[in-house]
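The structure is shown below.

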Amino acid sequence: MPDSIDLPSLRNLSLRSIDCLSDEFLDLYFNGCPLLESLSFIACDFLEEENVTFSAPQLKHLVIDTFNKGSDTPYNCKILVSAPNLISFQCCDYTSHEYCLENLSSLEVARFNMIVEEEYNEELDMFAPVYTKEDGRFMINCLKGISNVKSLTLNHHFLLVVAEAPDVLRMSPIPFRNLRFLKLDTWMGKAYIRAVMYILENSRDIETLVIEFSRVKADCINLSEYWVEALSFQQLKYIEVRNVQCCMDHELDLLRTFLKNVVNLEKMTVFISKERSTVNEKGMKCFTEEVLNCPRANSDVTIRFRISQ
C-alpha cells in the first residue's frame with residue numbers, strides 16, 4: 001500500500017480477500033476518502049491480536065463479512081465500530097469475535113448473520129458447534145450497541161449463543177424502543193426459544209415480525225410455557241412465518257400463540273415450504289384448516305397462506 005491515499009470524491013468502496021486488516025490500513029482510507037459513505041469488507045481477515053477501529057464520522061453504510069473467507073483460524077482482536085452517522089450495519093462473522101459498537105446514534109438497520117465455530121467430535125463422528133458463555137456476552141453487547149435501531153435481523157447462531165448466557169440475559173434488559181421491524185431466523189429448540197422470548201420481551205413496539213424456520217427438526221416444546229402473558233404487542237400488526245413444513249407441532253403452536261395473544265394483529269402470512277407443498281397436499285390442507293380454526297384475539301385478522309418461491 002502507498003503511504004497515503006487521496007480519493008476526495010470516492011463514496012462507495014468494496015474490499016475483498018484482504019488479509020491482516022489493521023488500524024493503519026483503515027486510517028489510509030478514512031483519511032484519504034473524506035466523502036466515503038459506503039464501505040464493505042468481503043472475505044477479509046483482521047490482524048491477529050491487534051484491535052481494529054472503524055471510526056469514520058461520514059460513514060453511512062458498513063458491511064463486515066469475514067465468514068465468506070472460509071478460514072477456521074480465529075483471531076483475538078476486538079473490533080470497534082464508532083460512526084455517529086452510520087445508517088446500516090451488516091455483520092457476518094464468528095460469534096467468538098468481540099465487537100464493540102459505540103456512538104451509533106443514527107443507526108436504523110442492523111443485520112447479524114453470525115457463525116458458531118465447529119470442531120470435530122470423535123464420539124459423534126461429525127463436526128459439532130463449539131461456543132461459550134463469553135460468546136453470548138459478546139452478542140448481547142452487540143445488542144446493547146444497537147438498541148436504537150428501527151429494523152433488526154438476527155440468525156439462529158446469534159440466538160443460540162445469546163441463550164447460553166442466561167445470567168447476562170436476566171441482568172441486561174435492552175429495550176428496543178425504536179424497533180419496528182424484527183426478523184428472527186431460528187430453530188425451534190429450547191435454547192433458541194429462550195433467546196427469542198428475550199428479544200420479544202424487549203421489543204414491545206414492533207409493527208412487523210418475521211419468523212423463519214432454518215431447520216426442519218425441532219425439540220418437543222410447548223411455546224405457551226415460555227410466553228409472557230403481558231406480551232400483547234399493542235403495535236404489532238403484521239406477522240410472517242416462513243419455511244413452514246405443515247407437519248411440525250411447534251409450527252402450529254407458534255401460530256396459535258400469536259393469534260391468541262396479539263390483540264391488534266391485522267394480517268398473518270404463512271409461507272409454506274415449496275418441497276412440502278408438493279409432497280403432502282393432504283397434510284398441508286389439514287394444517288391450514290387447523291390454523292384457520294385457532295382462537296383469535298382480533299377476530300378481523302386476515303390469514304393468508306403462500307407457497308415459498
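## Cysteines and a helix pair

Cys-91 is buried, with a relative accessible area of 0% (buried means under 20% relative accessible area, exposed over 50%, partly exposed in between, with a 1.4 Å probe and protein chains only). The model is predicted: local features need pLDDT of at least 70 and side-chain atom pairs pLDDT 80 or more, while totals for chains, interfaces and linings use all residues. Residues are numbered from 1 along each chain as its sequence is written, and side-chain values use heavy atoms, without hydrogens and water.

The structure holds zero disulfides, a disulfide being a pair of cysteine sulfur atoms within 2.5 Å. For Cys-91, the closest cysteine sulfur, in Cys-142, is too far for a bond. Cys-92 is in no disulfide either, and Cys-92 also counts as buried.

| Cysteine | Relative accessibility | Nearest cysteine sulfur |
|---|---|---|
| Cys-91 | 0% | Cys-142, 6.6 Å |
| Cys-92 | 7% | Cys-91, 6.7 Å |

Helix H2 (residues 133–145) packs against helix H3 (residues 156–163) at about 115 degrees, with the axes 7 Å apart. H2 is therefore roughly perpendicular to H3 (65 to 115 degrees; under 35 is roughly parallel, over 145 roughly antiparallel, the rest oblique). The helices are DSSP runs (H or I, at least four residues), numbered from the N terminus. Axes are lines fitted to C-alpha atoms over the stretch in contact, and angles run from 0 to 180 degrees between N-to-C directions.

Asp-135, Gly-136, Met-139, Ile-140 and Leu-143 of H2 meet Phe-158, Val-161 and Val-162 of H3, contact meaning heavy atoms within 4.5 Å.

Technical notes: Helix = DSSP H or I, 4+ residues; strand = E, 2+ residues; numbered from the N terminus.
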